[in-house]
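Biologist: Can you take me through this model? I'd like the overall numbers, then a few residues.

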Amino acid sequence: MTKTKFNYNTTILSCFVGYIVQAIVNNFIPLLFITFQNSYNIPLSKITLLVTFNFCIQLTVDLLATKFVDKIGYRASILIAHITSALGLLLLAILPEIMNPFTGILISVSIYAIGGGIIEVLISPIMESCPTDNKEKAMSLLHSFYCWGHVGVVLLSTIFFKLAGIENWRILCGLWAIVPILNGILFIKTPIAPLISSEEKGMTLKELFKNKVFWVLVIMMVCSGASEQAVSQWASAFAEQGLGISKAAGDLAGPMTFAIVMGATRAIYGKHGDKIKLDSFMLISTALCVFSYLLISLTPSPIISLVGCALCGASVGIMWPGTFSKAAASLRSGGTAMFALLALAGDLGCSSGPSLVGAVSGIADGNMKAGILTSVIFPVTLIICLLISKKQARKNTSN
C-alpha cells in the first residue's frame, strides 16, 4: 500500500505557514507608512488609522466566527481566510493607483484583515485537532511561527527595498501574496480532523458564559495579550529615546529583538515541553514578566531597560499558546466558539496594554517608564488566575 501524500504532518505544516500569513498581513503595511505619506500625500494621522481599522476588522471577525465557522466548516473557512489574505495584498498594489489612494488602501486592508481574523480563530483549533503526542508542545511551537513570520517580513522586506528600491513595493505585495495562495492550495488537500467528535456537541455561548473556568481563561487571554503588547509596541520608541538611535535601528533593537526572543521561548517549549509542566512554566514565566517590567521601569540605565525588554519577550512567549492549551484541556467541548472568544479576548488585551502605557505616559509628561510600571497589573493578574486555575485543577482531581 502506498503512503498518502497528504497527512496530518502536512496539516501541521499548513498551520505553521498560516501564522506566517497572519504575520504578513499584520506587519507588512506598517513598513510602507512613510512611502504612502510621500507618494500619495496622505497625512500620517490618517495612515495610522489603518492599523486600528485592521485590528477592528479582526475583532469583528473573531466575534462573527462563533456563528459561521461551524456552519460552513473548517476547510471552507480557512480557504476563505487565505483567499482574502492574498486578495487584499494583491489589491494593495492596484487599488491606490485607480481610485482615491487612501480609500484603495483601506479597502485592501479590510479584505486581508478578514483573512487575518479567521486565521487567528481557526489555526489553533485545527492544530489542536491533529493527532500529536503532546498538545502543549505543538501549540507553543505553532505560535512561535508568528514570531518568525514577523521577523521574516521585516528583514526580507528591508532587503528587498534595499536591492530593488522602495518604489517597487507593489512587486513585493505580489510576492508576499504567493504565501497565502500556496498555503491555501495545501489546505485544500490536507486532512482536517474535527475538533469535537460527531458523538459530542460543542458548548453553546450560553453554556460558556455560565462556566467559571471559561471566565478565568478569558481574563488570562486579556492579560496575555496586554503583557506582550504593552512592551512590544513601545520597544522601538524606548530604544530610540534611551539610546538616541534612528527609527530603523530602534526597530531592530526593540520589536525585532523582542519577537526573536519570544519566538525562541515558544520554540524551546515546543521542543522540550514534554519534560516541563505547563502550569509551572507559565507561573515562572509570568513571575519573570513582572521582574522584567520592574527592570524596564525602575532602572535609570537605558541598556538595562532594553535587557528588560528582551527578558519580557522571553517571559510572554508561553502566555498566549499556554492559555489556549489550558482551555483545550479543561473545556474539551468548548469547540470553535471557545477559541473564537479567547482570540477576541487576546486581541482586546493586545489593544488595552499599549493603550494603558500610552495614556499613563501622556499623563506623566511622556515618561514611558511610568506607563510600563502601571501595566505590571497585567502579569500580576495573570499570576492570580494561574493560581486559581491550579487550585481548581487540584480540587477536580481530588473529587
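Biologist: What does the accessible surface of the protein come to, and how much of it belongs to carbon and sulfur atoms?

Modeller: The accessible surface is about 17600 Å², with 67% belonging to carbon and sulfur atoms; areas come from the Shrake-Rupley method with a 1.4 Å probe, and for residues only the protein chains shown count as cover. This is a predicted model, where local features need pLDDT of at least 70 and side-chain atom pairs count only at pLDDT 80 or more, while totals for chains, interfaces and linings use all residues. Residues are numbered from 1 along each chain as its sequence is written, and side-chain values use heavy atoms, leaving out hydrogens and water.

Biologist: Where is Lys326, and is it buried or exposed?

Modeller: Lys326 sits in helix α15, residues 319-330 (helices are DSSP runs of H or I, at least four residues, numbered from the N terminus). Lys326 is buried, at 11% relative accessible area (buried is under 20%, exposed over 50%, partly exposed in between, with a 1.4 Å probe and protein chains only).

Biologist: Which side chain does the Lys326 side chain make a polar contact with?

Modeller: That of Asp279, at 2.7 Å. A polar contact is a pair of N or O atoms within 3.5 Å; within protein, one must be able to donate a hydrogen and the other to accept it, and residues adjacent in sequence count only if both atoms are side-chain atoms.

Biologist: Switching topic, how many disulfides?

Modeller: The count is 0, taking a disulfide as a pair of cysteine sulfur atoms within 2.5 Å. For Cys385, the nearest cysteine sulfur is that of Cys223, 5.8 Å away. Cys385 is buried at 6% relative accessibility, whereas Cys56 is partly exposed at 38%.

Note on methods:
Helices (H or I, at least four residues) and strands (E, at least two) are DSSP runs, numbered from the N terminus.
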